[in-house]
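Hello,

Here is the structure I said I would pass on. My notes on the pocket and the aromatic rings follow below it.

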Amino acid sequence: MVSMKKSTKTLFNIIAVSIILAILIFLEMNKRKFSYDISIIERSMIYAVAAVAMNLTNGFTGLFSLGQAGFMAIGAYTVALLTIPVEARAGVFYVTGMNEFLSKIELPFIPALLLGGLFAAILAGLIGIPVLRLKSDYLAIATLGFSEIIRSIIASPQLNMITNGSYGLKKIPRFSSIFVPIALCCLCILIIVLLINSSYGRAFKAIREDETAAEAMGINLFKHKLTSFMISSFFTGVAGGLLASYMGTIDSGTFKITLTYDILLIVVLGGMGSVTGSILGSFLVTAGREWLRFFDQPLKVGNWQVPLFRTGFRMVVFSVLLMVVVLFYSKGLMGSKEFSWEGLVRFFKNLFTRKQKLNGGVSNGK
């Protein structure tokens, strides 16, 4: 059993935070040279917020919700509509014009982001009343259908003066520096972690383990399920708002079902019921897809062109790697555990011991 003093853990935390800050400062000072790397980090952190929010419902409460793309769309469109500069809106709503009331409203980014999350949470509360009485696959189908309804409504011509329909929204103000999305994402994840470790979080876990036993202990099942669903939707809406500012241009196609599947992939890969697993999974999935892009480019060895290196082969390799990870880590990379320095030391210690035993066995065999 590996144990550490509190002072040692604090020292390691300070060192880790200092290294991360140094990297971020270096990237910010050389943003033109490392713009591609910065974009990967920002997108990974935004997806991490969405994944942790999804994990709150799916991993910690035991519900199976697949409406993340719809809630992200609500947050994204709210932020976009409220932050696009008034003078630039004529160039965005150039077909049918913009609703007169909305055309005069412009808010700073943070209030708009909070409103986006709030609208997503309110809508989640309205649909949660009938939907959360369903269980398992039926709940997943209902929330997935809701997500598609939201996307269809956004793209409908009847709302052209509000959402700009299928034309989408552009000229959304981008992040001024890498520290803005990183700080906001870290704050969101911290709040969710504090919630999970609170009495409400313990009630969520009790519902996940055994609903009958939780109810027998006095936990109001519907109240806590609805609370978990609404809080998760709030932070999913915030993640959507962050995504809108990250991209600068959005349309209804940005929030297809595949976006929900991407978030679900991150949660499952990292581990259901693990916050640090969702963060790790987000970086692995987002960065992995980008770093494997060279498989989409033709490759020649002398005069011979390798036949597999072509457009689309990147996703084949990515899928194979995911299958390998799932085979070795059936419960995800972190399972239901969280990162700890003791766990990291234990991992390397076990790895070193296993290597020594293997080398000893080989030597004895000789």
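**Aromatic rings and the main pocket**

Phe234 is partly exposed, at a relative accessible area of 23%. Please keep in mind that this is a predicted model.

Phe234 pairs with Phe235 in an edge-to-face arrangement, with 5.1 Å from centre to centre and 90 degrees between the planes. Phe235 has 6% relative accessibility and therefore counts as buried, the cut-off being under 20%.

In total, the structure holds 8 aromatic pairs. Another of them joins Phe71 and Phe146: the ring centres are 5.1 Å apart and the planes meet at 40 degrees, so this pair is tilted. Phe71 belongs to helix α3 (residues 68-83) and Phe146 to helix α6 (residues 136-155), so the contact ties together parts 75 residues apart in sequence. Phe71 is buried at 1% relative accessibility, and Phe146 is buried too, at 10%. Ring pairs also bring in Phe229, which forms a cluster with Phe71 and Phe146.

Now the pocket. The largest one holds about 1300 Å³ of space. Its lining consists of 30 residues, and those nearest the centre are Ala16, Ile20, Met45, Ile279 and Phe283. By type, the lining has 25 nonpolar, 3 polar and 2 charged residues. Helices that each supply at least two lining residues are α1 (6-29), α2 (35-60), α8 (179-196) and α13 (275-291).

Regards

Conventions
Residues are numbered from 1 along each chain as its sequence is written. This is a predicted model: local features need pLDDT of at least 70, side-chain atom pairs count only at pLDDT 80 or more; totals for chains, interfaces and linings use all residues. Side-chain values use heavy atoms; hydrogens and water are left out. On a 1 Å grid over the protein atoms alone, a cavity is a set of points where a 1.4 Å probe fits but cannot get out, and a pocket is an open set with protein on both sides within 12 Å along at least five of seven lines; lining residues have an atom within 4 Å of a point. Grid points are joined across faces, edges and corners, and a volume is the space filled by probe spheres set on the points. Helices (H or I, at least four residues) and strands (E, at least two) are DSSP runs, numbered from the N terminus. Ala, Val, Leu, Ile, Met, Phe, Trp, Tyr, Cys and Pro count as nonpolar, Asp, Glu, Lys and Arg as charged, and the others, Gly among them, as polar. Rings of Phe, Tyr and Trp (its six-membered ring) pair if their centres lie within 6.5 Å; planes under 30 degrees apart count as stacked, over 60 as edge-to-face and the rest as tilted. Buried means under 20% relative accessible area, exposed over 50%, partly exposed in between (1.4 Å probe, protein chains only).
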